[in-house]
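Hi,

Here is the structure I promised to pass on.

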Amino acid sequence: MIDADMTEMDVVEIALTTAERLGQHALTWKRRLVEAEATIQRVRELHYNTATHHPSGCCSECGGTYPCPTVRALDGGAE
């Protein structure tokens, strides 16, 4: 917390420490985002349409109609 008794150097030190912490948090969130995107891609690679001749297709993993509940969930749709 900054108060009237602090020197300019104190304020600069607080600002640098805060910036460093924010940078660390940004890197953590970036890493988590990359990991989540990779996980989603692995799931999509498991659940793909194998029956292109059928109007709705067939899920390679579930064996049911494509898109399966998993793919619909990834796409933001209902189960």
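C59 is buried, at 2% relative accessibility (buried means under 20% relative accessible area, exposed over 50%, partly exposed in between, with a 1.4 Å probe and protein chains only). C68 counts as buried too, with 1% relative accessibility. This is a predicted model, so local features need pLDDT of at least 70 and side-chain atom pairs count only at pLDDT 80 or more, while totals for chains, interfaces and linings use all residues. Residues are numbered from 1 along each chain as its sequence is written, and side-chain values use heavy atoms, with hydrogens and water left out.

Back to the cysteines. The closest cysteine sulfur to that of C59 belongs to C68, and at 3.6 Å it is too far for a bond. C68 is accordingly in no disulfide. The cut-off here is a pair of cysteine sulfur atoms within 2.5 Å, and by that rule the count is 0 disulfides.

Next, a peptide bond to check: the one from Y66 to P67 is cis, with omega near 5°. P67 sits in the loop between helix 1 (8-46) and helix 2 (69-74). Helices here are DSSP runs of H or I, at least four residues, numbered from the N terminus.

On the surface there are two patches to look at. D3, D5, D10 and E13 gather in one of negative charge, and M9, V12 and L16 form a nonpolar one with about 310 Å² of accessible area together. Patch residues have over 30% relative accessible area and no salt bridge; like charges are joined within 9 Å, and nonpolar side chains (Val, Leu, Ile, Met, Phe, Trp, Tyr) within 5 Å. A salt bridge would be a side-chain nitrogen of Lys or Arg within 4 Å of a carboxyl oxygen of Asp or Glu. Areas are from Shrake-Rupley with a 1.4 Å probe, Asp and Glu count as negative, and a charge is placed at CG of Asp or CD of Glu.

G76 and W29 are 47 residues apart in sequence, and their C-alpha atoms are 22 Å apart in space.

Cheers

Methods: Helices (H or I, at least four residues) and strands (E, at least two) are DSSP runs, numbered from the N terminus.
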